[in-house]
Amino acid sequence: MEKGKILNSLGKSWERDEILSKIKIGLGTDEIVNEFIEKNKLQIKELNSLLKSEDKVLLNQVEQLATCESKLINKIRNLNYQENNENQQIINQNKISSPNRFPSNRISSFMINWSNKFVVIALLTISAIALSKQAWA
């Protein structure tokens, strides 16, 4: 079988929505990876035999890219956590100073804060998918 066909087949087997569903039900990352490897053992062995040294360099670069993206997501999450703590302190101070605030103001600030986070995470996910597809193409 050709490298491209094997990669496409493996890509179809590694559906991100399916993986996310498995994570949501509590499966660990090691379990998910081991299950994928077991399910696609023959294709992985065949792909490994077809890989040239420059392909292995590319795989290493894709792995480094994924590591960078993971670190970026962690840093963003930690920044958001710190910002949330600071925001919570400010909100608590405002509650003490003005107890007659309207609930709609709190709801709108909550929605603005979470929609910004959603957009950043969505953009990171889209770029990760696009970059990994380019690397495998």
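Reader: Is Gln 43 buried or exposed?

Author: Happy to start there, with a predicted model in which local features need pLDDT of at least 70, side-chain atom pairs count only at pLDDT 80 or more, and totals for chains, interfaces and linings use all residues. Residues are numbered from 1 along each chain as its sequence is written, and side-chain values use heavy atoms, with hydrogens and water left out. Buried means under 20% relative accessible area, exposed over 50%, and partly exposed in between (1.4 Å probe, protein chains only). Gln 43 has a relative accessible area of 19%, so Gln 43 is buried.

Reader: Which residues does Gln 43 touch, not counting those up to four places away in sequence?

Author: Gln 43 lies in helix H4, residues 41–50; helices here are DSSP runs (H or I, at least four residues), strands are E runs of at least two, and both are numbered from the N terminus. A contact means heavy atoms within 4.5 Å. With that cut-off, the residues touched by Gln 43 are Ile 6, Ser 9 and Leu 10.

Reader: Which residues make up the largest nonpolar core?

Author: A nonpolar core is a set of buried Ala, Val, Leu, Ile, Met, Phe, Trp, Tyr and Cys residues joined through side-chain atoms within 4.5 Å. Here the largest one has six residues: Ile 6, Leu 7, Leu 10, Phe 36, Leu 47 and Leu 51.

Reader: Is Val 33 buried or partly exposed?

Author: Val 33 is found in helix H3. With Trp 14 and Ile 37, Val 33 makes a nonpolar surface patch of about 230 Å². The relative accessible area of Val 33 is 36%, so Val 33 is partly exposed.

Reader: How many helices does the protein have?

Author: From the N terminus on, the elements run α-α-α-α-α-α. There are zero strands, and the number of helices is six.

Terms used. Patch = residues over 30% accessible without salt bridge, like charges linked within 9 Å, V, L, I, M, F, W, Y side chains within 5 Å. Areas by Shrake-Rupley, 256 points an atom, 1.4 Å probe, with all protein chains shown as cover. Salt bridge = Lys/Arg side-chain N within 4 Å of Asp/Glu carboxyl O.
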